[in-house]
Amino acid sequence: HYQAQVTGEDRLTGTEVLLRWKHPQRGMVSPAEFIPLAEETGLILRLGHWVLETACRQLVQWAGQAHLSHLTVAVNVSARQFRQSDFVHQVIETLQVTGARAQLLTLELTESLVLDNVEDAIDKMHQLRTKGVRFSVDDFGTGYSSLAYLTRLPLHQLKIDQSFVRNLGVRPSDDVIVQTIIGMGRNLDLEVLAEGVETEAQKALLIAHGCDLYQGYLLAHPMPVADFERMLNSGAA
Ligand code: C2E
Ligand code: CA
Ligand code: CA
């Protein structure tokens with residue numbers, strides 16, 4: 001599925017790819033359920049590769065359509081996938097095979113994944129950054145953030161975790177955390193995206209704090225690519 005990412009003026013800039021499993025008996029199974037299992041069994045390696053390749057093919061499809069050719073596609077990368085010694089090679093090869101523009105591909109990594117082996121992460125990220133690939137820190141603020149590493153990573157974006165966005169305007173401490181993340185992003189010259197934006201009130205507060213981009217049910221749910229394109233063509237986003 002694809003979920004829209006927009007500016008404060010609702011201009012679409014990109015999309016995040018979110019995996020879905022349509023099970024014949026159990027219906028739609030959430031990735032929150034099957035990703036941990038796929039990590040455990042190792043299936044995540046094939047699954048992750050398939051997601052990356054599918055996302056790149058989608059980029060190529062959109063490259064041929066004037067109103068879609070600017071869209072970025074963000075792909076979630078799991079720890080086990082990233083830790084593979086040939087991860088960098090896999091990504092570069094996938095870009096080459098599909099013909100996707102590296103500049104339009106964003107890889108979402110979590111803090112814990114990066115901190116697990118900082119030197120290795122920095123090395124891999126720099127290699128891919130040289131090719132044009134962008135990096136976003138997913139669920140930012142929930143891990144044991146080390147501010148020291150932030151300045152050493154070739155990052156493009158921080159994604160404010162939805163747990164903070166949910167309580168905006170409700171829990172003052174979360175207001176402070178969100179403002180702090182946005183301020184820090186600004187000072188480090190990083191783009192800041194808020195995820196899980198569900199209400200106009202949350203969006204208004206985020207805009208007031210200077211957040212760059214938004215993603216959440218308020219704007220659009222994750223949806224199959226055909227629905228996503230229909231939504232764009234109808235001018236709804
Ligand atoms: P995530 O990367 O933090 O993705 C955001 C989750 O929030 C998604 O859940 C999305 O559907 C949901 N969401 C979006 N907008 C809203 C909103 O306004 N309110 C609320 N309450 N939720 C919102 P989803 O699709 O169930 O995915 C769950 C997690 O599974 C993802 O969290 C990500 O960690 C993982 N995942 C999904 N696809 C992939 C994948 O292709 N590879 C890997 N490794 N992990 C994936
Ligand atoms: Ca994500
Ligand atoms: Ca997230």
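## The strands around β6

Five bridges join β6 to strand β7 (residues 134-140), and the two run parallel; strands are DSSP runs of E with at least two residues, helices are runs of H or I with at least four residues, and both are numbered from the N terminus. Two strands pair if DSSP finds at least two bridges between them. This is a predicted model, in which local features need pLDDT of at least 70 and side-chain atom pairs count only at pLDDT 80 or more, while totals for chains, interfaces and linings use all residues. Residues are numbered from 1 along each chain as its sequence is written, chains are lettered from A and ligands numbered from 1 in the order in which they are written, and side-chain values use heavy atoms, with hydrogens and water left out.

Leu107 has Phe135 as its bridge partner in β7. Strand β5 (residues 72-76) also runs parallel to β6, joined to it by four bridges, and here Asn76 is partnered with Glu108. Five of the six residues of β6 are buried, so the strand is mostly covered; buried means under 20% relative accessible area, exposed over 50%, and partly exposed in between (1.4 Å probe, protein chains only).

Let's turn to the metals. The calcium ion (ligand 2) is coordinated by Glu16 (OE), Asn76 (OD1), Glu108 (OE) and Asp138 (OD), at 2.2 to 2.3 Å. Glu16 lies in strand β2 and Glu108 in strand β6 (residues 105-110), so this pair ties together parts that are 92 residues apart in sequence. Glu16 is buried at 4% relative accessibility, and Glu108 is buried at 2%. Donors here are N, O and S atoms within 2.8 Å of the metal (3.2 Å for Na, K and Ca); water is not among the atoms, so sites may look incomplete.

Asp138 coordinates both ions, which are 4.0 Å apart. Asp138 counts as buried, at 8% relative accessibility, while Asp139 is partly exposed at 26%.

## Two loop residues with positive phi

Asp10 is not a glycine, yet has a positive phi of about 65°. Asp10 sits in the loop between β1 (2-7) and β2 (12-17) and is partly exposed, with a relative accessible area of 37%.

Asp189 also has a positive phi, near 65°, in a residue other than glycine. Its place is the loop between α9 (172-187) and β9 (191-194), where Asp189 counts as exposed at 71% relative accessibility.

## The protein as a whole

The protein has eleven helices and ten strands. Its radius of gyration is 17 Å, close to the 18 Å that the globule rule gives for 237 residues, so the protein is as compact as a globular protein of that length; the radius is taken over C-alpha atoms, and the rule is 2.2 Å times the number of residues to the power 0.38. Along its principal axes the C-alpha trace spans about 45 × 45 × 40 Å.

Of the 237 residues, 48% count as buried. Among contacts with a separation of 6 or more, 65% come from residues 24 or more positions apart, a contact being heavy atoms within 4.5 Å.
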